Each structure stands twice: as C-alpha cells, then as structure tokens.
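Please read the following briefing beside the sequence and the three-dimensional structure.

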Number of protein chains: 2
Amino acid sequence: MWTAALFVFLLLNVEVNEAANTTTSKQETKENTEATDSVSASSSRFVGNLLVIPMDGSHWVGIKAIAQEMGRRGHRVTVVMPEVTSRMGPGKYYDTVTFPVPYDKAFVESVMATHKEIMKKSSQPFMEKIKSRITQIQSIVGMLHSTAESLLFNDSLIEHLALQDFDAVLTDPMVPTGSLIARKLGLPTVNLLRGIPCSLDMKSAGCPSPPSYVPRFFSGYTDKMDFKQRVINTLVAFLEPLLCRVIYWHFDQIAYQFLGEKVGVAEVLSDSDIWLMRFDFTLEFPRPLMPNMVLVGGINCNVRNPLPEVSSHGFVVFTFGSMVSELPRETAAVFLEAFRQIPQKVIWRYTGPLPDDIPENVKMMKWVPQNDLLAHPGARAFITHAGSHGIFEGLCHAVPMLMLPLNGDQPDNARRFASRGTGVVLDIFSITTEILLQGLNEVINNTRYRENLQRLSALHTDRPIDPLELSVYWTEFVMRHKGAKHLKAAVHDLNLIQYFCLDVIALLVTVVLVFLILTVKCFKMCFRKLGKKRKQD
Amino acid sequence: MWTAALFVFLLLNVEVNEAANTTTSKQETKENTEATDSVSASSSRFVGNLLVIPMDGSHWVGIKAIAQEMGRRGHRVTVVMPEVTSRMGPGKYYDTVTFPVPYDKAFVESVMATHKEIMKKSSQPFMEKIKSRITQIQSIVGMLHSTAESLLFNDSLIEHLALQDFDAVLTDPMVPTGSLIARKLGLPTVNLLRGIPCSLDMKSAGCPSPPSYVPRFFSGYTDKMDFKQRVINTLVAFLEPLLCRVIYWHFDQIAYQFLGEKVGVAEVLSDSDIWLMRFDFTLEFPRPLMPNMVLVGGINCNVRNPLPEVSSHGFVVFTFGSMVSELPRETAAVFLEAFRQIPQKVIWRYTGPLPDDIPENVKMMKWVPQNDLLAHPGARAFITHAGSHGIFEGLCHAVPMLMLPLNGDQPDNARRFASRGTGVVLDIFSITTEILLQGLNEVINNTRYRENLQRLSALHTDRPIDPLELSVYWTEFVMRHKGAKHLKAAVHDLNLIQYFCLDVIALLVTVVLVFLILTVKCFKMCFRKLGKKRKQD
C-alpha cells in the first residue's frame, strides 16, 4: 500500500521537475551514485602501497605474516631491513629494501648466544649473574640503537622512501624506528606488538590501566591482588614513566636529531592510528581498551602444512623460540635424561652441536614446523619458553604446556597461563631431571590441563574474524582513510593534572572548605550573639 | 627435508608403540580428534534457545532485528512482551509469549501523546512547562514499572520460562526486567542499548569514563572541554551514582522482592556478559571500552526493499520516530508553510488527522520505509528528532540532517553529529517557518554537509563485520559458552576505595610524611647537638 502511494508520489515528482531541470538532476544523481559506489567499493577493491619497518627476532613473525598477506592481496609492500639480520629475509609477496649496518652476522649470533651464557652460569654468585645480565641487555640494546641509527641517518634511503608515495607504515613500536619515519614522512601508522614493558604503549594510546586490577609487567600478579600487591603494583605504575624515560632515553635523543623537533618517543607513538595487540583475554586479564586497539592474539596459529595422522603414545614438542636455539651442555643433559624416562617421542628444535648420548625417542632438529606439530592430535605436551607466539600456538591447538620462561614477557605469559590451569611453570635456571620429569608427567597424564586448555582454546578460537584477517583489515583501513583519527581519544590534548581533573578536584575541595568554614563562622557568630543577648536579658 | 625426517621419526614411533598399546592410543587419538572437531564445529553448527525480553517503543527496533536474525538461523527464539504494546508484535522467526498488564491500548497511546501536549504548550510559563514535563515522565515511568511488575510477579509465567532450558537472555538493560529474570534463572545476558543516562551501563560494566574528556549525557559538551565545562562535567560524574539511585529506586525494591536477595539493579547489571552498544565513534567521542563491549551502531541500516531510481530535484524525508507521530496543529502549520517554499518533495510520517492545506509537494503517510527512503539517491535531507536509529540511518546513507531533538539522548546525538558538520540543530519548541526554511536550504544546498557525511559514512560503513551479524555472533557466543566470564574485568570485586587505590595512596602519603617528619626531626636534633657542642667548646 505505502509502496504504491510512494512510487506514484515520487514519479509525479519526476514528471513535474524533469522537464525543467533534466541535466542538473541527472548529473546530481550520477554524482550521488558514484559517491555511494566509491564508498561501498572502497572496502573491497582498494589497492595501496605499504611501508613495513619490522623488528628482528621473534617480533618478525607477526609482521611478516601481515606483510605477506597484504602482498598476496595485491598491495605493494616494501619491507625495510638491515643487511645483516637474525631471522628477517625476503618473501614471496613483498619487496625488500636493505640498508648497511656496522656489524656482521657473527656479532648478531654472539648477541643471541648470551642467553646460553646466562643459563650456563647459574652457579655464579648473584652479583656476577646480575652483571652478565646487564652486559647481555647492553649488547642487545646497543645493536638495536645501532640498527635504528643506520636506517634513520641513511639520508639517501630516507629520501628514497619519501618518494615512494606510501599510504601507511606497519611497524613494531617496541623499537620506534618505524614510528619516527612515519612522522617524518607524514604517514599514518599501524603498530603490531605484544606490549611494551613500561606500558609506553598504553600511555601513548591514552588507555587507562587502573593499578587496582591491571597487574604490571614483571609483577607476576593476577587481576586479583591483596593490599600488599596493590601497593607494589601502584608503586610500579607510579615508576613506569621514569622507567620509560630510562629505556627510551637514547631514542628520545635520536628522535630529536632525526625529526628536528623537540618530541620524545612517547609523543611520536601517540600519533599511531591503530594498535594491533598480540593478546586476547584468554591470556591477558580483562582490562580497559581504547577504540583504536584491535586484539589479534593468535595471529600465528593458522596451520599451513597439516601433518598426516599418526597413532601413537604421542609426542612432545620442545622449542625455546628463535632466540634460544642451544642450551649449555649440563642443562641439555638434564633434559635428555628426563626424556629418556618418558614413553613419548620428543621433537626438539636445537641448532647447537648434537650431544653424543641422544636417547632413541628424541629427535633434535635445526628447525621444526612448531605450529603444524602442535596442531597434530599426537602432540601431548609443549615444552616452551612461553614466548607470546608459542603460547598462543599451544593454546590454539590445546596442547598442555611445560613453561620455562627466560626473560621479557615470558615469565608473565607463563604465570598468566598457568593461573588458568593450562600448564606448569618451572625455573630453567635451577632445573633438575627429577623436577622436569615430574612436570612432564603432570602435564601429559593429568587430564585437567588438556580439559582447561580445550575450554580456553574454544573461547580463544571462537571469534568473528581470524586475527590475521583482522590485522590486514585494519591495515587496509588506515591506508584507505589515510589514518583513523576518529578513533583517537582526546586524551592527548590533556596534561596529567587535567586528565585526572586534579585542578577541578582542588577547586571543588576549596569551595567545600570555604563553605564549611563560613558556615562554622556563621554559627559561631550566631551563638555568640545569642549568648550575649541572653546575658543582656 | 625436515618433513621427511619428521615423518620417518613419527612413523617409527607408531611401529614401536602400536603393538603394545593399540587400543589405548587409538582411543586417545579419537578423543583428541573429537575434541578438536567439537571446538571447530561449535562456531558453525550451534543451535540454541534464546529468551528475549525487549523494551517497547523505538528500543524494540534493534532487539527485533537480532531476534529475527537469530530465528532465521535456526535458533529457537522466544520473545516475552505485554499483551498491550505500542510497537512490539509477533514476527516470522520468533515465538511470542504475552502477559497481561493493568492498562489498555488507549492508555499507552495517551502516554505517547504527551509529547504533543508538551510541544503545544510552548507558550506556557516555565514552571507549568516543568510540571507537565514531570507529569509526562511520571506517566512513562509508571507504565514501565507496571509492565515490569506484571511480568516479574506473574509466577506461572516465570515458572514456565524457568522450564524452557534457555541458553541466554537478550534484553535492553535500560529497563532491567530481563536482567532480573536472567539472574533468577541463572542465565547469561546479552544487552543491547544506546546507553543509560546516569552511566549505569558504564558503571556496571566497570568501564572507566574519565570526566576530563568523556562528556556526560545531557551536558552537551564535546570531548574537548574548557575548565568550566570540566568542572561541571566532573560534578555531574560525581552526582551520577545519586541520579542512578533515584532513577532505579523503584527497580531496586522490585529486585529485592523478585530475587529475594539484597541486590540493587547496578549489581544485577554487572552480571551481564556482553554489552552490544548501539553507537560507534563517528557519533560518540572516542572513550575507553571494556573487553565485553561490542559496538554495533548502525545495526538498522540494511536496505531491505531498495526503491527504484527516480531522477528529480530529490526529496526530503521527515519523521519524528515512532514516539512522536503527530504534531500540535500550530507546529504542523509552521512545517507545511516552509515545505511549500522548497522545490523538493517532502515525505512526512504523520499519523494524526491530516490538515486541510497540505501543499502539493508534501505527502503525509502513516508509515514510511525510512531507511529505504534515505538509501535512495534522491534523498536530499532528513528532518529528524535525532533518535539513535534515525541518525545512524542518515549517516549510513549520507543524507544531511535537520535535527530537532525532543528528549532522551536526542539533544546529545544531535549536538554530536552537528559538531562533525553533518547537519543543523534547531529548537522544535521555538521553531518558525523562517528558521526552518533557512535550516532546510542550508542542509540541502550547502554541499559541505553531504561531503562531511560521505567522509563520515565511509568510516562508519567500513567495518570488518556488519553490526547485525556481529550482534548475532556475540549472542551465539554467549549461548555456546554459557556466558563470557573471561571478558569481565575484576573490577566488580573491588569497592570504590580499592578501585581508585585510595587506601594505597593514603598509605604511601603517610609513609612519605612520616619519612619527611623523621628526617626533619633528625636534622633538628643534629643541629641542636652541634649547637650545644659548639657552645660547650
């Protein structure tokens, strides 16, 4: 009924107007149709030009996945990397631009091998341990700074990049080289990260992190803290800005030199358009997020080459990630001795010289398809350093984990997962065959770990969009719309006093105090007068 | 290479173990396969049983869309509604259960018509206006309470519902009837809402809303506030809990009676598993969100019956939503006079008796396909009361808006959209033909409104998943997993002192003060001793 009435009405309109104004109205309609078309088409047919500035090591995994997928979808993708790298390299779907660095492959390998040194010296006195730990951190940080400077102050390369007409930069903000280049070239940024230890990511995104239930990195706390834990967590929260200043001190100087403007790393990162966060709430404790944060935990769980089904006692997958591929001889012996005593086969990623006494059920390999192995129904346990990629692969495929965290976010990852009953955490630095064996038997034979993991894995994998797909979507979004400014909160215009409304609270408290004082004075005066009057009476 | 090595290794394992333990291992593998299957299948083949407890009026639109879509996908959907309603009714894909209420259709219509009365009395003195406004609110609130009580204390119906083995409740928490029933029946809850004025939704979800950049409902502020605005916004934030107590006072009593436990509405709502929020950041100012909040603004923008293309001067769509379908005669005359002076046709949703002097270019209809009309390229302007459904339809289809907000969230919606240059806000209570005409000509002829809207619409419609699809996804998620507890922050275990760490801050301040006092005392003592010694010398 209404349709008929409406059509007659609208058509009548045409008859009246078309004679008078045919050209204009047709043109208008065409414009409208085009506009609508371009909007609806923008999401499907957009092809752009992406600059990728990754970090080396395990951080490369996620960035590479996005770069590959972006290239596969027809975007032009350019990955900038140093001539000497640990893991980075060319790929099928992206171009590579390299720049010279003042170190060689041997140096990179020696920096990576310091892990082994630290483990070896577990019997060292405490101060020696701390010293060698600091030396290790210094050597890694030195290499990161040197790499960043080699890129940022390579004028011809920066000029070359400036001419490429990129739509956006995809980078890992832990080392803010990419963010600095994005600011210099005026490009929007997409970040991929697990988190920055001093919460610089949350600070730069303007994301509230109430210390009452958001445990800080390294604290080892859960989201349920007692008073003492809250005191320490709050203290850490207070100290975080200072920690950030220390960690990014050198980069703040580099930023000034490179950009020629007085900005620090925190301010540069607050330019970021989209934060792709490599976690979700099966790992992390629920916390506030900002509109421009997208959770992509489990970005690396797609099974690429499914292994054929093998009925068996099952097997154990043992990898310590890309950073630790070799153990001190005495530690390796502890593991081998424990493996000798379990019925499962063990597949161990190990790049060092093979020991003489490898048990029959152990296979040591220079590289293993970790994710595909974990996806195999025969996988009974996963011995891992609890790096953020590994644990998500364990979680996706519900393989109980024996976690031996080394450093970085690993201890936190391990504790968080263990608190959900998905595995056991052991101390790699004081490991013995008995402890290891007990842990292995526990995660393999106690069904509660697999049950918990299956429940958690069901939650983790039940999502409207695959995390890699989602990462690509938001990268394309930023390229299409030249940023995502409408998702950025107005936090960045406020200083700390304004943000916490301390000035407002001060005013309100003053008003209340003045009011109280005046009231008391008034009452006093009245009583005095009354008293006087009574006396006079 | 590695594949070959690995396969040989794994197959060897089979040969060794299968002889000894065939049955067990086969069984184990089968279990594993089944587990993996059930996980991967859960997201695609799940069919459940959903209880829907909606609100009447415009709130029904979004809930109905989800209920229909859930039913269409094969879920059993039961919608509970009063026997007498304003807009609710049966649908193709859901069952309806009705309950008796102590009022009739005429009463509902009289409550709805109070809008008209208020507009008519625009020349009334201020106090009279306030009085009639309060009477209007009282009559609406009275009806809401009466409806809720009629359902909650209908023992046989509640018993019947308890026996239906529902997986979840989908409801509008503005009126917490559904949430109370969910708590009584121990069912997880999915909420669909635009927001609750006293921020009860944010409070119950444990979501931080810093008053420094999150403007409060009714304040009319943007996310960039000067000091005075921040003072008022902070005061409103302080008063919100009190406001909530007043608004939900009666429901707090009902909750106690119905549940038999001493809980208020705020606590009941904090049980909620998923909050489907009917906004996004093209409307709302960017603000923190919680993991269990899902943005579904624009859930109602799908074009169902595209209208044929009509070349013309275009037309103006004029609707004041379902709550206001008729205007006082003098206000209607103002509109008609203005429409007479524009070349566009006007399609006006109007249910009252038709005036005598309708201009030729105006078509008044009892019902119009608002969304389909706005999607038509001929739509030149949208005269709207800025209800949250209408403005999203205007936004989706990029139709410049002339906004005449009446009440509720409408003034805020209007100001937010206007601040983005998408339309003009006018005061319906003091409207004249000249003002209206000026506004109409502005939004129709000044291209900047359409340009802004096209940019904003491109951002709004560029999303990885359609909002209705997303709403259905998370409703199914809650049904599949019997809730979404892993997305709920640990805020609810904390009282306000703990949440803001006021106890921790008090301790830290005390420690610092004691330390300072002791230091000062120490110095004083030292100086005194030194002084004495010198004197002695």
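Predicted model: local features only at pLDDT ≥ 70, side-chain atom pairs only at ≥ 80, totals over all residues.

Helices (H or I, at least four residues) and strands (E, at least two) are DSSP runs that are numbered from the N terminus. Residues are numbered from 1 along each chain as its sequence is written, chains are lettered from A and ligands numbered from 1 in the order in which they are written, and side-chain values use heavy atoms, with hydrogens and water left out.

**Aromatic rings**

- Rings of Phe, Tyr and Trp (its six-membered ring) count as a pair if their centres lie within 6.5 Å, and the pair is stacked if the planes are under 30 degrees apart, edge-to-face if they are over 60, and tilted for the rest; a search of the whole structure finds 40 such aromatic pairs over all chains.
- The pair of A:Trp474 and A:Phe477 is tilted, because the ring centres are 4.8 Å apart and the planes stand at 50°.
- Both of these residues, A:Trp474 and A:Phe477, belong to helix 17 (residues 467-480) of chain A, where they are three residues apart, about one turn of the helix.
- An α-helix has 3.6 residues a turn, so residues three or four places apart point the same way.
- A:Trp474 and A:Phe477 are both buried, a word that here means under 20% relative accessible area, whereas exposed means over 50% and partly exposed lies in between (1.4 Å probe, protein chains only).
- One aromatic cluster is formed by A:Phe318, A:Phe320, A:Phe335, A:Phe339, A:Trp348 and A:Tyr350.
- Within helix 11 (residues 329-340) of chain A one finds A:Phe339, which counts as buried at 0% relative accessibility, and its C-alpha atom is separated by 7.6 Å from that of A:Asn361, 22 residues apart along the chain.

**Charges over rings**

- A charge sits over a ring if NZ of Lys or CZ of Arg is within 6 Å of the ring centre and within 35 degrees of the ring normal; in chain A, the charged end of A:Lys184 sits over the ring of A:Phe258, 4.7 Å from its centre.
- In chain B, the face of B:Tyr473 has B:Arg480 lying over it, at 5.4 Å from the ring centre.

**Cavities**

- On a 1 Å grid over the protein atoms alone, a cavity is a set of points where a 1.4 Å probe fits but cannot get out, and the structure holds nine cavities of 30 Å³ or more.
- The largest cavity contains about 1200 Å³ of space, where grid points are joined across faces, edges and corners and a volume is the space filled by probe spheres set on the points.
- Lining residues have an atom within 4 Å of a point, and 46 residues line the largest cavity, with A:Met293, A:Val294, A:Leu470, B:Met293 and B:Leu470 lying nearest its centre.
- The lining of this largest cavity divides into 32 nonpolar, seven polar and seven charged residues, where Ala, Val, Leu, Ile, Met, Phe, Trp, Tyr, Cys and Pro count as nonpolar, Asp, Glu, Lys and Arg as charged, and the others, Gly among them, as polar.

**Backbone angles**

- Most residues other than glycine have a negative phi, and most peptide bonds are trans.
- A:Lys482 has a positive phi of about 55° although it is not a glycine; A:Lys482 is in the loop between helix 17 and helix 18 (496-499) of chain A, and is exposed, with a relative accessible area of 55%.
- B:Ala398 also has a positive phi, near 55°, in a residue other than glycine, but B:Ala398 counts as buried at 7% relative accessibility.

**Separations along the chain**

- A:Arg72 is partly exposed, with a relative accessible area of 47%, and the C-alpha atoms of A:Arg72 and A:Pro125, 53 residues apart along the chain, are separated by 53 Å.
- B:Leu468 lies in helix 17 of chain B, and its C-alpha atom is separated by 31 Å from that of B:Ala113, 355 residues apart along the chain.

Methods
1 Å grid on protein atoms, 1.4 Å probe; cavity = no way out; pocket = protein on both sides within 12 Å on 5 of 7 lines; lining within 4 Å.
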